[in-house]
Amino acid sequence: MLMAYKVDKKMKKVWVVEDDPGIREIIGMLLEDEGYEVSLFENASQFNMALRSQPNHIDAMVMDVMLPDGNGIHLCHKVKSSESFNNVPVLMMSANTTFCDVERFCRADDFIPKPFNIDEMAKKVSRLMA
């Protein structure tokens, strides 16, 4: 039964926006190990370009708040305000912001503080797509 669960998740796509290469790589490996198809973006520009050019189905997004060329809260607001992606669940993460701060400016579905526990990250992403 567990194997069927893993196979079912294999089709789910997660987009991750994180500027720190080490954290981005860890999240990517973690989510791939959980059976997700993962696309990684190092900044807001790459994410926005992909959002415009690849209007494929996305099952969840994980976004850092502080990015070198933008703000994850603004990206979340853009996603949640768009007709195409407003139902995509978004998990925000930050070392400097709280969920209350994030909720005031965008409709993120969940939040995880940095540094995060990788098991908790995996659980939150799984819950977003349940």
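Colleague: In which helix do arginine 104 and aspartate 101 both lie, and how many residues apart are they?

Modeller: Please keep in mind that this is a predicted model. Arginine 104 and aspartate 101 both belong to helix 5, which spans residues 99–105. They are three residues apart, about one turn of the helix. Their side chains form a salt bridge, with the closest N and O atoms 2.2 Å apart.

Colleague: Is arginine 104 buried or exposed, and how is aspartate 101 classed?

Modeller: Here one compares the relative accessible area with two cut-offs: under 20% is buried, over 50% is exposed, and values in between are partly exposed. Arginine 104 has 60%, so it is exposed. Aspartate 101 has 24% and is therefore partly exposed.

Colleague: How many salt bridges does a search of the whole structure find?

Modeller: The search finds six. One of them joins glutamate 18 and lysine 114, at 2.7 Å from N to O. This pair links distant parts of the chain, 96 residues apart. Glutamate 18 is in the loop between strand 1 and helix 2, while lysine 114 is in the loop between strand 7 and helix 6.

Colleague: With which aspartate does lysine 114 form a salt bridge?

Modeller: The partner is aspartate 64, and the closest N and O atoms are 3.1 Å apart. Aspartate 64 lies in strand 3, 50 residues from lysine 114.

Colleague: Why do aspartate 64 and lysine 114 count as buried?

Modeller: The cut-off of 20% applies again. Aspartate 64 counts as buried because its relative accessibility is 5%. Lysine 114 counts as buried because its value is 17%. Glutamate 18 is buried as well.

Colleague: Let us turn to the nonpolar residues. Which members of the largest nonpolar core touch the most other members?

Modeller: The general idea is that nonpolar side chains tend to be buried together in soluble globular proteins. In this structure the largest nonpolar core has 24 residues, and Phe47, Met61, Met63 and Met92 touch the most other members. Strand 1, helix 3, strand 3, helix 4 and strand 6 each supply at least two residues of this core. Apart from it lies another core of 18 residues, including Ile27, Leu30, Val62 and Val125.

Colleague: Leaving aside neighbours within four places in sequence, which residues are in contact with phenylalanine 47?

Modeller: With those neighbours set aside, phenylalanine 47 is in contact with Trp15, Val17, Phe41, Met61, Met63, Leu75 and Val79.

How values were computed: Residues numbered from 1 in each chain as written. Predicted model: local features only at pLDDT ≥ 70, side-chain atom pairs only at ≥ 80, totals over all residues. Heavy atoms only, no water. Core = buried A, V, L, I, M, F, W, Y, C linked by side-chain atoms within 4.5 Å. Buried < 20%, exposed > 50% of the residue type's maximum accessible area, 1.4 Å probe, protein only. Helix = DSSP H or I, 4+ residues; strand = E, 2+ residues; numbered from the N terminus. Contact = heavy atoms within 4.5 Å. Salt bridge = Lys/Arg side-chain N within 4 Å of Asp/Glu carboxyl O.
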